[in-house]
Amino acid sequence: MLLKSLEVNKKNKHGNNKEKRLIMVLKRGDNNELVKKVQAVLGVEQVGNFGPKTEEAVKAWQAKNGLTPDGIVGPTTLAKMGIVVETKAAAPAKATKFTREQIETAIKAKGYKWFGDKDYELNIIGIRNADTGQKVTNLFDDWLTLSYKLEGVWKFHMWPATTDPGTKGVMQYGNKAGVARLVEGQYIGSHIMRLHAGKYEALGQNKPVKVFRDPNKDMKYDETKIQEGVFGINIHKAGADSTYVENWSEGCQVFKRSADFEEFMSICRKAKAAHGNTFSYTLLKSTDIK
């Protein structure tokens, strides 16, 4: 699903005035609840996945209803279908919400290890947004941060991410015990650099971590059942600039933007060259940071 910003001319009492509006576009490859509504109108199976069959059904419907049969469900097609959508842009995580010093203080207050004796000793810290409670927001509303020294001077990065599984991950998890959600804590030497899903370099889980298991699909994260083990809780990327988490995460820690991830990995490669292929990961709640 794409939210496009369009600049349009709107007449007011002062004449023409440019105004930005958000429009919604659904196309092949999308997977969400809105696709189900479209599929209901088309009379095809309502699975929420915009695949080739749905695309062909959209083209046929558009041709039948006097629209350009391009297979893309934009505002005109949605309106013709009678589907009303509120197009609110996802609120991005505030990249300047915390400082490196605040995060260091929070880590030490918990008795966790803070690295920094040598250059490129990385502190990879995830921050789970406590403001959302146990609700599955399906948004990249958490943060991944990186603190390290270079020539004795501290460097700090903070990127929007998710530390939680998305809607599709919660509803269609692959483990019979339920979808995984990483338990807050520090995991020393938990990750190594390797291919994620056999496709590209990322940080892959290599030692046991603790996860909450949630099998009930009620769109609220449960924190009653904990498992410990190696479950593939990797640190990787979503798309170029993803809006919704969906199944980008079924427990993984995932960057919202691929460019941010590449910046992160370039630093990790330098750390690997300096200190070997082992990385520690710490997950905090935002309320841990004062």
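The legends below describe close-up views of a predicted model. Local features need pLDDT of at least 70 and side-chain atom pairs 80 or more, whereas totals for chains, interfaces and linings use all residues. Residues are numbered from 1 along each chain as its sequence is written, and side-chain values use heavy atoms, without hydrogens and water.

**View 1. The aromatic pair of W159 and F255.** The ring centres lie 5.4 Å apart with the planes at 55°, so this pair is tilted (rings of Phe, Tyr and Trp, the last by its six-membered ring, pair with centres within 6.5 Å; planes under 30 degrees apart are stacked, over 60 edge-to-face, the rest tilted). W159 belongs to strand 5 (residues 153-162) and F255 to strand 12 (residues 253-255), 96 residues apart (strands are DSSP runs of E, at least two residues; helices are runs of H or I, at least four; both are numbered from the N terminus). W159 is buried at 4% relative accessibility, and F255 is buried at 0% (buried: under 20% relative accessible area, 1.4 Å probe, protein chains only).

**View 2. The aromatic pair of W159 and F264.** This pair is edge-to-face, with 6.0 Å between centres and 80° between planes. F264 is in helix 6 (residues 258-275) and W159 in strand 5, so the contact ties together parts 105 residues apart in sequence. F264 is buried, at 1% relative accessibility. One aromatic cluster comprises W159, Y200, F255, F261 and F264.

**View 3. Charges over the rings of Y200 and F231.** The charged end of K237 sits 4.6 Å from the ring centre of Y200, over the ring (NZ of Lys or CZ of Arg within 6 Å of the centre and within 35 degrees of the ring normal). R213 lies over the face of F231, 4.8 Å from the ring centre.

Definitions and conventions
Buried means under 20% relative accessible area, exposed over 50%, partly exposed in between (1.4 Å probe, protein chains only).
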